[in-house]
Amino acid sequence: MSSISVSHLNKSYGANTVIDDLSINIAEGEFLTLLGPSGCGKTTTLRSIAGLETPDSGEISIGSKVVTSMSTGVVLPPNHRSLGMVFQSYAIWPHLTVFNNVAYPLRRQKVAAKQIESRVMATLASVGLDHAAHRSATLLSGGQQQRVALARAIVSNPEVLLFDEPLSNLDATLRITMRDEIQRVRSLGSTTSVYVTHDQSEAFSLSDRVAIMLDGKIVQLDTPTEVVTNPLTLEISKFLGVENVLTAVVHSVDSSHMVLEVPELGIKLIAPMSREPARVGDAISITIRATSIEIVGKDKALDPNVLHGTIVQTTFLGDAVQYRVAVGTSHVLVRAGAADARPLPEGQPISVQLPVHRLSVFRS
Amino acid sequence: MISTRMSIVRMFTSGSRAARALPWALLTIFVIAAFVVPLITLVIMAFRTALPGLPGEWSTAGFVAAFTNSDILKPLADSLIFATLSAVFGTAIALFFVFVSTRTTVRLRKLVTPVMIIILATPVLFFALSWGMLGADHVGLINKLYTVISGSNDSIFSINSWFGLVFVMSIKLSSFSYFLLIGPSMQMNRSLEEASEVFGAGRLGTFFRIYIPLLSPAIIGSLLIGFIGSLQAFDTPQIIGTQAGIRVLSTEIYQFVSLYPANYAAAASMALGLVALLGLLVVVQMNLLKGKSYTTIGGKSTHGAAWDFPRAGWLLNVSIVVFALLAFVLPTVQLLLSSFNTVFGRYDSLSLRNYEKLFADPLVISALGNTLQFMIIGGFVTVLLGSVLTYALRARPSKWKRILEVPTWIPWATPGLVGALAILGTILAIPALHPIYGTSWSMLIALVVASLPVAMRFTESAVLQIDVQLTDAARIAGASPARSFTSILIPLIAPSFISGWFVTGLGIAGNLEVPLLLGSTQNTTIAGLAYKYYVDSATPLAAAVFCLLLVTVILLFGVTSLLQYALKRLTTRDLAEKTIRHEAAVTARKAAAKQTDPVLN
């Protein structure tokens, strides 16, 4: 396995900049995910590492080998880069059997037939498909095809494993099964891996580090926990799906906290100090997840960050209930587990608390 | 009596069984008359000793003689060789250009599809005649150019050879194959090829291990269709092959008919044999195409990058240019130049003499008139009938399903020559039809029937795209089938109708078999005239008269485009006005609603 080094990658299609001066170093054996919305450039970056696309400028090295160098005009074709790749559409060859699909990389490397037999069958066994080895690939379900794709990607012990949104064509339950499968395969050996997805649960469950990409740039590179608890910018927060965004003005500060005036809710909130210390009068954006807001009883009415409002919309989501609570001139979204009580009716007054440590603040 | 008439009318306008069955019955009669009767006539012709319509006896002598005569072996063998070679080369050329056009970044790749469209639309007669001239020993443009360049008087290329014959047929076939192959090639999930590259195969390896195997169903289909098309071909073997001593089944059939006295029994027998062979192949082809499709596997396909050829790219560009040159640039130049020849092959003295001759000849004027009438009226009637037929076939009650559908497949196994022969026999055999023998009417009918299968391809794609629900809605609202046809279907398919009209007219203009078999020396079309001049060695006249046809076609294309443009302007303006009015109404409603509902604020 090798490390990967990408420096100053740029790619544009006409007037559209897809990758904007992107640089990143991926350590040996690391599992890194490029996470971002459609069009952020993550797939293009992955394909550039694979050699399936040529950037306008920049350098890519796998281990000590320079595979792409636009300054010297070197672009090594994909088949010389010692890669394994799992594609979004599985890319299982329908005219070959399962066995021959998985054997393909080994055949190209001129591995001896006996070795091919044993290695392919072992890899198929590790994904639970050895019984289907001589079946035609067209007879497999989507989930099975993706497992064959995984087997094919790892059978030749590549330097680098690439995943291009491999789970997005699978249905919800299958996605979870496959994700676990990838995790299990990962635990058997640690190949340097680059994973591209727009799905956060995949990114956070599989990765050592997550690189959040927006508009062709990496805007945060951190462990999953850090990214979730300390998003760097408001955009990242919004991308991660935070439902409540409030505008506020700093009312007063102390060493570790600030008191923020929130006009739309008509109250003041206590929040942690922002990354760069704010001063009185600064404009601040506050975000908090709907799941982080707690419904409290009348006994907590005078606690800090407690809002009093009225439920204007109740949405039953199956495993949770979402309440749209009117407070002041605005709304706050609250999500509560549906396990215990019945959903509260619309029109009922309700008190909710915004725990201080769950608030994220960003200077505008 | 008034009451009887009223009750008859009432019977047909009420929803009674008789009333509902009537249009289907009429349609069935038409379909049988157009498709089945000629086939039956052929069978009869094969087993009679004399011309249809003349007194004679039933006899198997003619039939047996046609097939036991050892003389049939050579045309049969030549037909099979010709068909195999043309299919293979046509498919190979198409595969190459499909790859260049869909998978590479060479600069001229966008030219390929338009060139192929032109070749597809151009009648085979154009290629046969023009290449017959281009490749003529010593005097054709190719050999003339060689003489100019090398100074030698030898011909480097003679069209009247196996090579020339297969070459010309392959050009035409390659356009069919191109459109058969391009769909699957474009639909192919590029990740399949990218995966091959990622997993260690180079480009060449990916091409042969992945691209070709995945295309193989389409390639086999293309080979089969090319084979069938070559077996049916008449123009090319007749004009080029016979000069090289190559005889195929279709030219043999024509030979029997153009002898004096004509041997209709032998012609019909051989025609039946050909139809049987083709019928078998068509069935095989339909079954094959129903089978494996490699394009539906996997999820969403990504837009893969096309291949760059930094060093060899110029070669691919050159091949595109050479192909366009050979396919229609050089042939057109040859035709134009020769039309100004006084003596064929003498390019130093050009004059308008040929055109003067043509316009002074009443036969030419009548042929031009015939051709125009057949193109315009015949084309229109064919597309109209095709639309009605397609619409009826789609909406048919299941009872009539088989009866109506099966006969419409007969033309696919019937070469143009055989169809023309069958119609000739039918006219001769039925005394009531004798008055139209030798007249333009017989040619018009034959052309319409011959062109129906092609026209129906157009109308099928147009009519079937229109959701059944659109016409169902009209029916529920009270419109009769005829009404929904005219008020809903026709306006929606009008653009395709006009295109189909033009393409059908084009095919009619290039049809050689009908004027040869059903026309006469006094009554023919431009195509028939061109052929006559060519075989009479009046090559410059043939070129000139064919150029007249080209000009006519271009003019009609202009008219058709204008019609399409006018249609689009009319409908989009209509649509635009409707959209604006609709949007204004919705906005007004929303504004009114907002004022009264506080919650939405």
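Q: How is chain B divided into domains?
A: In this predicted model, the domain assignment of chain B gives domain 1, covering 71-249 + 305-351, and domain 2, covering 356-601.

Q: And how many Å separate the centres of those two domains of chain B?
A: Taken over C-alpha atoms, the centres of domain 1 of chain B and domain 2 of chain B are separated by 28 Å.

Q: How many residues are in contact between domain 1 and domain 2 of chain B?
A: From domain 1 of chain B, 19 residues are in contact with 20 residues of domain 2 of chain B. On the domain 1 side, α6 (124-134), α11 (235-241) and α14 (313-339) of chain B each supply at least two residues, and α6(B) gives the most, with six residues.

Q: What is the make-up of that side by class?
A: The residues of domain 1 of chain B that touch domain 2 of chain B divide into 12 nonpolar, six polar and one charged.

Q: Switching to chain A, what are its domains, and how many Å apart do their centres lie?
A: Chain A is divided into domain 1 (4-234) and domain 2 (242-363), and the C-alpha centres of these two domains of chain A lie 39 Å apart.

Q: What about the contact between the chains, and which elements of chain A give residues to it?
A: In chain A, 24 residues are in contact with 22 residues of chain B. The elements giving two or more residues to the chain A side are β7 (83-86) and α2 of chain A, with the largest share, three residues, coming from α2(A). By class, that side of chain A has 14 nonpolar, seven polar and three charged residues.

Q: Now α3 in chain A: how many residues has it, and what does it reach from first C-alpha to last?
A: Helix α3 of chain A, residues 113-126, has 14 residues and reaches 20 Å from its first C-alpha to its last, close to the 20 Å expected at 1.5 Å a residue.

Q: Which of its residues are buried, and why are they on the same side?
A: I116(A), V120(A), T123(A) and L124(A) are buried in α3(A). They sit on the same side of α3(A) because they cover an arc of only 100° around the axis. In general, an α-helix has 3.6 residues a turn, so residues three or four places apart point the same way. The buried residues of α3(A) pack against α2 (98-108) and α4 (142-154) of chain A.

Q: What is on the other side of α3(A), and what comes just after the helix?
A: On the other side of α3(A), K114(A), Q115(A), S118(A) and A122(A) are exposed. Just after α3(A), G128(A) takes a positive phi of about 75°.

Q: Strand β3 of chain A, then: how many of its residues are buried?
A: Five of the five residues of β3(A), which spans residues 31-35, are buried. Both faces are covered, with F31(A), T33(A) and L35(A) on one side and L32(A) and L34(A) on the other.

Q: Which strands does β3(A) pair with?
A: β3(A) pairs in the parallel sense with β9(A), residues 192-197, over five bridges, and F31(A) has S193(A) as its bridge partner there. β3(A) also pairs in the parallel sense with β10(A), residues 209-214, over four bridges, where L34(A) stands opposite A211(A).

Q: Where are the edge strands in the antiparallel open sheet of chain A?
A: That sheet has five strands in the order β2-β1-β4-β5-β6, and its edge strands are β2 (16-26) and β6 (74-75) of chain A, each pairing on one side only.

Note on methods. Residues are numbered from 1 along each chain as its sequence is written. Chains are lettered from A and ligands numbered from 1 in the order in which they are written. This is a predicted model: local features need pLDDT of at least 70, side-chain atom pairs count only at pLDDT 80 or more; totals for chains, interfaces and linings use all residues. The expected span of a helix is 1.5 Å times one less than its number of residues. A residue is buried if 20 or more other C-beta atoms lie within 10 Å of its own, exposed if 12 or fewer, and partly exposed in between; C-beta atoms are placed from the backbone. The arc is that of the directions from the helix axis to the C-beta atoms. Two residues are in contact if their C-beta atoms, placed from the backbone, lie within 7 Å. Ala, Val, Leu, Ile, Met, Phe, Trp, Tyr, Cys and Pro count as nonpolar, Asp, Glu, Lys and Arg as charged, and the others, Gly among them, as polar. Two strands pair if DSSP finds at least two bridges between them. Domain bounds come from an automatic or database domain assignment.
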